[in-house]
2 protein chains.
Amino acid sequence: FLQHVKASFGTLKPEAKNMSQQAVNGVSHRGKVLTLDSMNPNVKRVEYAVRGPIVQRAVQIEKELKEGVKKPFTEVIKANIGDAHAMGQKPITFLRQVLALCSYPELLEDNMFPEDAKKRARRILESCGGHSIGAYSASQGIECIRQDVARYIERRDGGIPSSPDNIYLSTGASDAIVTMLKLLVCGEGRSRTGVMISIPQYPLYSAALADLGAVQISYYLDEDKCWSLDVAELRRALNAARQHCNPRVLCIINPGNPTGQVQSRQCIEDVIRFAKEEHLFLMADEVYQDNVYAEGCKFHSFKKVLFEMGPEYSSTVEMASFHSTSKCYMGECGFRGGYMEVINMDPEVKAQLTKLVSVRLCPPVPGQALLDLVVNPPQPDEPSYTTFMKERTAVLAALAEKARLTEETFNTVPGITCNPVQGAMYTFPRITLPQKAIDKAKEEGQVPDMYYCMRLLEEEGICLVPGSGFGQREGTFHFRMTILPPTEKLKVVLQKIREFHLRFTQEFS
Amino acid sequence: FLQHVKASFGTLKPEAKNMSQQAVNGVSHRGKVLTLDSMNPNVKRVEYAVRGPIVQRAVQIEKELKEGVKKPFTEVIKANIGDAHAMGQKPITFLRQVLALCSYPELLEDNMFPEDAKKRARRILESCGGHSIGAYSASQGIECIRQDVARYIERRDGGIPSSPDNIYLSTGASDAIVTMLKLLVCGEGRSRTGVMISIPQYPLYSAALADLGAVQISYYLDEDKCWSLDVAELRRALNAARQHCNPRVLCIINPGNPTGQVQSRQCIEDVIRFAKEEHLFLMADEVYQDNVYAEGCKFHSFKKVLFEMGPEYSSTVEMASFHSTSKCYMGECGFRGGYMEVINMDPEVKAQLTKLVSVRLCPPVPGQALLDLVVNPPQPDEPSYTTFMKERTAVLAALAEKARLTEETFNTVPGITCNPVQGAMYTFPRITLPQKAIDKAKEEGQVPDMYYCMRLLEEEGICLVPGSGFGQREGTFHFRMTILPPTEKLKVVLQKIREFHLRFTQEFS
């Protein structure tokens, strides 16, 4: 898998050979201090396909279009990243009203804002140093917001207690995930920490593990069973890994990214039992917890299931769960808001975690404020409730419709098969590529699905991420596409991919 | 020095012994997965005194006061951190108007906002995906903001060119500093990267080096010469370090934190020459570039001096310079805005840097918007100019007055000596402690200046950071205090410290 990812970055050509250039200029006989050869080797191993070479090319094409270069299309549609607002989703009014009030409190005197928005803004401002969101907050996050998060979790989990002391606000979920992994990694050689991640995975995980020099342990999701997770596969991967590293962490993404599956309650229970038996720290990436669309599917938090399994589990299994303001119905990626809840964490380690996050001072306060509104939305007796619910429901209903539409359309295309998008905001269809196309890709020095996606970008202006950026079983090919474009545009996108796929298959048959 | 810092954290007692506790509960025979013994050892070595145990105690005291516990004071004054708004400084109107407009663009229709604020907001929104600050930006930062930053640098440096391609927006300056250090660190054992940092230093540096497992090379600033930097001392430190590591990086903070000195042009030239001779990558932390108060002092950017030294230097010396929205006249810490400019960076390494920052997706967009206003403030022909200049000047004039007041007052106290606060927003006075106080501190298991600061906190409600948190010459003691409290409150603080110091000295004489 790593080889594939590396190959997919093979198109990034060095812009200049500095040492020789400098020698020619006669300016210096020594090379640069910092070169590809003398930089941090772990950073070199980091790859992040969601913003990889295909996106760089997409940005370039956009510039070319602006400059009047003729293309077979008039705009680039970026379905590579879960960025709802960029795809035209409008911000939720209530959230933005409160943020405006927090930014410029003089607006609290203005009559254009509803009272509940003002009330929220006043409460947030009162909890800020000097009543300003420009002050640093506590490094763990503003206390009253952590309290609101804890109450939100309790409501979500049917009353299972949550303590604000276990909540850490973060700069998006990514920040908290990397921090948690950093705490967990230690040892050298065969004692080096191994971290189990699903394949396909969200490449933040592989990137963070490369950066930290931890060992990636890949377990495969079962594409034939709607990307479900099987404990037997976890056990296979774990046992194999025990030969060469010290497996200590199991990461789960539910609902799945890039695969869009929603785990059953039974499966979660099995995973928790496995984690306890094998003495693993659980990391539950639950940022898509409000994005569940399929009939019969329901989001079950790892924490709730853990506590329902009784004290033998709820008082021992160590866990961190992650959430974000970037997804769900809000899609407020730019604010970089998020939190994690830690469960059964050793108090000494918690003190170390608090110390570690203090070095970066605090997560962005506007993002914290936004998170507060997400966990503490307008209530039925408040003036903003109706509009808020209308907007929220509209976003989620449209996503559900687009999830269905995507699956249905792709499954009508010969050579594309697509699992249901039960949740999250992506589809990860499998594409059958003719051998001649695979050979052609090799000739071009690209992995086959990167070649496919690059061709799609150049010919149709649609930017997807090749499956190799997420990992996939050897010999299979996929792409990840977000379902975020507005319905009418999504129909066009699906149609264009359909036509491209048929043409591409034809060309190489 | 590290020993001192560690000792200063000795007060963080473990809250529970989990393994034994669990054994007692009979719940598990195995301990936790993640314990102090099994966590990342580098993280354990991280220390960050600015938010260390003394601040935790200050927060606790605030709670006690709220609960009605009687204390010899009615409020805790936190002079431990450069957090202007928390100390009562009001946000700059123009900045916040634009942020409110960006947050809730419906306000663009409102008549209460000046046209130039609307114009800025429209321009920022147009550069955002879907015209929303809730969309992800490019990982390097919004392009038009990077252009504005480059133009700002060109104006600052008298026309020396700056390219938006060399600008990386960041989550506060801390984020960019850590990212840059991460790129630079490699090797093992005697080949491990060594990084030169000043003593006293801002503890982000020592914390990041501990986290990365890099070697800290300490060079001492000369307290007797107003904390100036002497190249002979750099050379001493470098030569000593060459015995056990591979020194590759030289970090400079100018204006100084915690020491408040402003480097002369000559000194900067000497440092650059030294960096070139010794083949070091320069990291110039210039976040206090607009905070210069002393007569005869002027901020000289490392980049400008580098380019004035001619092509032999300007085309070879590798450098990164850091700036932030948290300091200067804005004090907008909570927004976590910042940027770095890289100079002479190997293009292949730059591609790696761009890849690395893409993993975290993007810096918070509200912080990017704020930065844009800082580098592109109202112009003389614009409606907001007068108010903006009045507010900006008032903040900087008050800081200059408080810098003078602080130095003067401390120097009247027997046993306190204080260099001029030429710039930044801190004073780092030297305190003479009686031997009996030093002995008493040892008895209590604290370093002497931590003991002093803890007593000051308990008795006067003033929160400072002990000098040991920043590093100081063996046998000397200091504290860092911000000059940010409003003038009248600062006078009270200085008076209280004066009285405490006399009482403390008396007690142990």
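Copies are superposed by least squares on the C-alpha atoms of residues with pLDDT of at least 70 in both. The model described here is predicted.

**The two chains**

Chain A is superposed on chain B by a rotation of 180 degrees, with 0.0 Å of shift along the axis and an RMSD of 0.0 Å. That is the relation of a two-fold axis. Within chain A, the C-alpha nearest this axis belongs to A:A100, at 2.1 Å from it. The copies meet through the same surface, because 100% of the interface residues of chain A are also interface residues in chain B.

**The sheet of chain A**

Strands of a sheet pair through backbone hydrogen bonds, in either a parallel or an antiparallel way. In chain A, seven strands form an open sheet with mixed pairing, and their order is β2-β8-β7-β6-β5-β3-β4. Which strands lie at the edges of the sheet in chain A? They are β2 and β4, each of which pairs on one side only. On average, neighbouring strands of this sheet are turned by 25 degrees against each other, direction ignored.

Strand β3 of chain A pairs with β4(A) in the parallel sense, over six bridges. One residue pair can be named: A:V195 has A:Q216 in β4(A) as its bridge partner.

**A helix on the sheet**

Helix α9 of chain A, residues 204-212, packs on the sheet. The direction of α9 makes about 160 degrees with that of β3(A). The strands of chain A that α9 touches include the two listed here with their residues.

| Strand touched by α9 (chain A) | Residues |
|---|---|
| β5(A) | residues 246-253 |
| β6(A) | residues 281-285 |

Helix α9 of chain A also touches β3 and β4, the pair joined in the parallel sense.

Terms used:
Residues numbered from 1 in each chain as written. Chains lettered and ligands numbered in written order. Predicted model: local features only at pLDDT ≥ 70, side-chain atom pairs only at ≥ 80, totals over all residues. Heavy atoms only, no water. Contact = heavy atoms within 4.5 Å. Pairing = 2+ DSSP bridges. Helix = DSSP H or I, 4+ residues; strand = E, 2+ residues; numbered from the N terminus. Axes fitted to C-alpha atoms, helices over the stretch in contact; angles between N-to-C directions.
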